[in-house]
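Let us take a friendly walk through this model, one stop at a time. Have the sequence and the 3D view open as you read.

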Amino acid sequence: MAQLKGWKEIPIGGMILEAGNAVEYLTGGWRAFRPVRGEAACTHCFQCWLFCPDSCILVDAENEKMLGFNLEHCKGCGICAAVCPVNAQVRRKAEQELDRDDPRLCIRIIEEGQAEE
Ligand code: SF4
Ligand code: SF4
């Protein structure tokens with residue numbers, strides 16, 4: 001984990017003095033949950049890429065493929081799983097509300113430290 005700054009080193013009011021510097025901070029270090037790709041077939045629709053607030057969806061732009069997650073910056077919010085249309089289809093087919101770590105889902109949200117299986 002990155003060295004924490006003391007209060008004297010933090011700008012007054014926590015102001016961000018350099019815009020666009022989020023990439024320098026490994027904010028994934030305090031994540032409690034993380035996304036993993038489940039068994040269902042990803043259609044590479046890029047909805048997760050579009051909605052991820054931290055730009056953590058890794059894509060192969062040339063071949064138009066979703067590759068996975070940048071876990072150095074992912075904060076585990078679960079938005080990618082919530083907007084994934086394949087997840088919606090799996091839920092509809094199951095005709096029931098599924099746990100967010102259900103293996104049938106395309107993007108599962110699991111607890112940090114839990115094995116992916
Ligand atoms: S869990 Fe949140 S931050 Fe992480 S990849 Fe999904 S949408 Fe992005
Ligand atoms: S939203 Fe779901 S189906 Fe679409 S690219 Fe992301 S993981 Fe694949």
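Predicted model: local features only at pLDDT ≥ 70, side-chain atom pairs only at ≥ 80, totals over all residues.

A residue counts as exposed when its relative accessible area is over 50%, as buried when that value is under 20%, and as partly exposed in between. To find Glu95, look in the loop between helix H3 and strand S4 (107–111). Its backbone deserves a glance too: Glu95 has a positive phi of about 55 degrees, although this residue is not a glycine.

Where else does a positive phi turn up in a residue that is not a glycine? Go to Phe46, where phi is about 70 degrees. Phe46 belongs to the loop between strand S1 (33–37) and helix H1. On the accessibility scale, Phe46 has a relative accessible area of 21%, and because this lies between the 20% and 50% cut-offs, Phe46 is partly exposed.

Which of the 13 residues around ligand 2 come nearest? They are Cys42, Cys45, Cys48 and Cys84, together with Phe46. Turning to the elements, helix H1 (47–51) and helix H3 (85–94) are the ones that each give two or more residues to this shell. Sorted by class, the shell around ligand 2 holds 10 nonpolar residues and three polar ones, with no charged residues.

A search of the whole structure finds one aromatic pair. That pair is formed by Phe46 and Trp49, with 6.1 Å from centre to centre and 50 degrees between the planes, and the arrangement is tilted. Is Trp49 buried, exposed or partly exposed? Its relative accessible area is 46%, so Trp49 is partly exposed.

For the last stop, move to the segment before S1, where you will find Gly29. Gly29 has a relative accessible area of 54%, and because that is over 50%, Gly29 counts as exposed. From Gly29, look across to Leu67: the two are 38 residues apart in sequence, and their C-alpha atoms are 21 Å apart in space.

Note on methods. Residues numbered from 1 in each chain as written. Chains lettered and ligands numbered in written order. Heavy atoms only, no water. Near = heavy atom within 4 Å. Helix = DSSP H or I, 4+ residues; strand = E, 2+ residues; numbered from the N terminus. Nonpolar A, V, L, I, M, F, W, Y, C, P; charged D, E, K, R; others polar. Phe/Tyr/Trp six-rings, centres within 6.5 Å; stacked < 30°, edge-to-face > 60°. Buried < 20%, exposed > 50% of the residue type's maximum accessible area, 1.4 Å probe, protein only.
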